[in-house]
Amino acid sequence: MKTNITKIALVTGGSRGLGKDIALNLAARGNDVIITYNSRKDEALSVLAAIEQTGQRATALQLNTGDTKSFDTFYATLLTSLKNRFQSERFDFLINNAGHGITVPSLAATTEEQFDELVNVHLKGVFFLTQKALPYISDGGAIVNISSGLTRFTNPGSGAYASVKSGVETLTKYIAKELGQRYIRANVVAPGAIATDFNGSRLRETPQVQEHIKAITALPRIGQADDIGSVVAFLCSNDAKWINGQRIEVAGGMYL
Ligand SMILES: NC(=O)c1ccc[n+]([C@@H]2O[C@H](COP(=O)([O-])OP(=O)(O)OC[C@H]3O[C@@H](n4cnc5c(N)ncnc54)[C@H](OP(=O)(O)O)[C@@H]3O)[C@@H](O)[C@H]2O)c1
């Protein structure tokens, strides 16, 4: 049913931060984009407008990636949107990006509720959103899961978050292995510290944290959202057709 060769990407958490930059970079490379937002519809709509200015088609759908029970309804809505807006029954790229952090000083201070929420959004949500995408994602497509530099190095208080992200990295290898027969590739992008709204904008608004990050990074600055989107767009492109099952850290050389 697809009428042209334009590819379609689904980017979770595309309303702000890294997801917004990923969506804009995919659009700049000629892809149509479906973004999801959790609560900030207005910000999602402004991302849509920016994508449409590039000449690509776009739509925004609400999704809480921590609520797996909503996924069947989400994909039903997505399918309607694919048919009506994109004249397609498939999409090509899934970017599992949506997520939040927690601000606690230690393992001891991490609550069970925080832990469960991280698991639900960052691991269980990614697993089942990907599983339920399988009928809709085109053969030859690509999946990029956003992890974190914190799976390689440690930062007190990030134990629960980083453990869950490690789970996503293992999951990515299994996706790559199992979907290889369909020529669907799966890779991880692991950003370093990026100045977004993440974790209550802690990095962006705390000069001491910025100085610390600069001191431990070979390229002595903090990361920005636009350091990430182009890498994800590359991984979705044909230029990356032989990259599969890999973790690519995009962190300016943190803790080398
Ligand atoms: N920033 C960093 O330093 C950093 C480093 C490594 C990895 N990461 C990872 O990068 C990803 C994006 O982070 P960011 O820095 O762009 O954060 P951000 O600026 O806070 O943006 C978070 C995005 O995720 C969405 N979101 C949050 N919780 C959600 C949920 N339960 N269900 C669905 N969508 C949800 C938000 O939607 P609304 O706008 O509707 O709220 C928003 O679009 C996350 O997976 C994060 O773990 C970030």
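Which residues in α1 meet which residues in α8? Let me say at once that this is a predicted model. On the α1 side, the residues in question are Asp 21, Ile 22, Asn 25 and Leu 26. Their partners in α8 are Gly 229, Ser 230, Val 232, Ala 233 and Cys 236. Sorted by class, this contact of α1 with α8 comprises 5 nonpolar, 3 polar and 1 charged residues.

Let us now consider the geometry of the pair. Helix α1 covers residues 17-28, and helix α8 covers residues 229-236. Their axes come within 8 Å and cross at roughly 50°. As for its hand, the crossing of α1 and α8 is right-handed.

How many cavities of 30 Å³ or more does the structure hold? There is 1, and the volume of the largest cavity is about 40 Å³.

Which elements each supply at least two residues of its lining? They are α4 (112-133), β5 (137-146) and α5 (159-179). The residues that line the largest cavity are Asn 96, Asn 97, Ala 98, His 122, Val 126, Asn 145, Ile 146, Lys 165 and Val 168. By class, this lining contains 4 nonpolar, 4 polar and 1 charged residues.

That concludes my presentation. Thank you for your attention.

Technical notes
Residues are numbered from 1 along each chain as its sequence is written. This is a predicted model: local features need pLDDT of at least 70, side-chain atom pairs count only at pLDDT 80 or more; totals for chains, interfaces and linings use all residues. Side-chain values use heavy atoms; hydrogens and water are left out. On a 1 Å grid over the protein atoms alone, a cavity is a set of points where a 1.4 Å probe fits but cannot get out, and a pocket is an open set with protein on both sides within 12 Å along at least five of seven lines; lining residues have an atom within 4 Å of a point. Grid points are joined across faces, edges and corners, and a volume is the space filled by probe spheres set on the points. Helices (H or I, at least four residues) and strands (E, at least two) are DSSP runs, numbered from the N terminus. Ala, Val, Leu, Ile, Met, Phe, Trp, Tyr, Cys and Pro count as nonpolar, Asp, Glu, Lys and Arg as charged, and the others, Gly among them, as polar. Axes are lines fitted to C-alpha atoms, for helices over the stretch in contact, and angles run from 0 to 180 degrees between N-to-C directions. A crossing is left-handed if the near helix is turned anticlockwise from the far one by less than a right angle, and right-handed if clockwise. Contact means heavy atoms within 4.5 Å.
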